[in-house]
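Visitor: I'm new to this one. Could you take me in for a close look at a single part and tell me what's going on there?

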Amino acid sequence: MAQDHLSASSPLAEHARLAAFAGEWNGEETVFPSRWTEGGPATSHVVARMDLNGFYLIQDTVQVREGKQSFATHGIFTFDRDDRTYKLFWYDSLGYTPPSPASGGWVGKTLTLVRGSLRGNARHVYEIIDADSYSLKIQFSPDAEGWADVLTGVYRRIH
């Protein structure tokens, strides 16, 4: 009898670790001047949930600058049991389709994910501060050598 592959697997502890980012969050951010935007302060509202049988963290973010929505993202995080790395599929209101997900892993309380494209390289660094807050740093590099900050923020859980 053939094994039922739709019910054969269950999430691993590595998937469950992503639940640290599940919930509703408010963020205070600094946007750095770049080829995409002028620098300045911003706030973001983040809603994230574990879904699809616990294999994915699905995160939606809306950023506001000067009272208007300035940027939005949809992120899908998972753990790839084949290559043993975390993946981030990132979509945003700039409209670029990523050629592949960002990949990376945890070191202590920090999850670092890097992806490359024809436009350059992006690095997302998420650090758990405590159960109710985390920080995010998004950086850009044309050559994956010297990294420049694009955005930094601290996000606090809404209870």
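Guide: Let's start with Tyr96, which sits in the loop between strand E5 (85-92) and strand E6 (102-107). Keep in mind that this is a predicted model.

Asn53 is in the loop between strand E2 (40-51) and strand E3 (56-65). Its phi is positive, about 65 degrees, even though Asn53 isn't a glycine. Asn53 is also exposed, with a relative accessible area of 69%. Then there's Glu66, in the loop between E3 and strand E4 (68-80). Glu66 isn't a glycine either, yet its phi is positive, near 50 degrees. With a relative accessible area of 81%, Glu66 is exposed.

One last stop: His159, in the segment after strand E10 (148-157). His159 has a relative accessibility of 78%, so it counts as exposed. What does its side chain make a polar contact with? The partner is the side chain of Asp132, at 3.2 Å. As for Ser133, it is 26 residues away from His159 along the chain, and their C-alpha atoms are separated by 12 Å.

Conventions
Residues numbered from 1 in each chain as written. Predicted model: local features only at pLDDT ≥ 70, side-chain atom pairs only at ≥ 80, totals over all residues. Heavy atoms only, no water. Helix = DSSP H or I, 4+ residues; strand = E, 2+ residues; numbered from the N terminus. Buried < 20%, exposed > 50% of the residue type's maximum accessible area, 1.4 Å probe, protein only. Polar contact = N/O pair within 3.5 Å; in protein donor to acceptor, adjacent residues only side chain to side chain.
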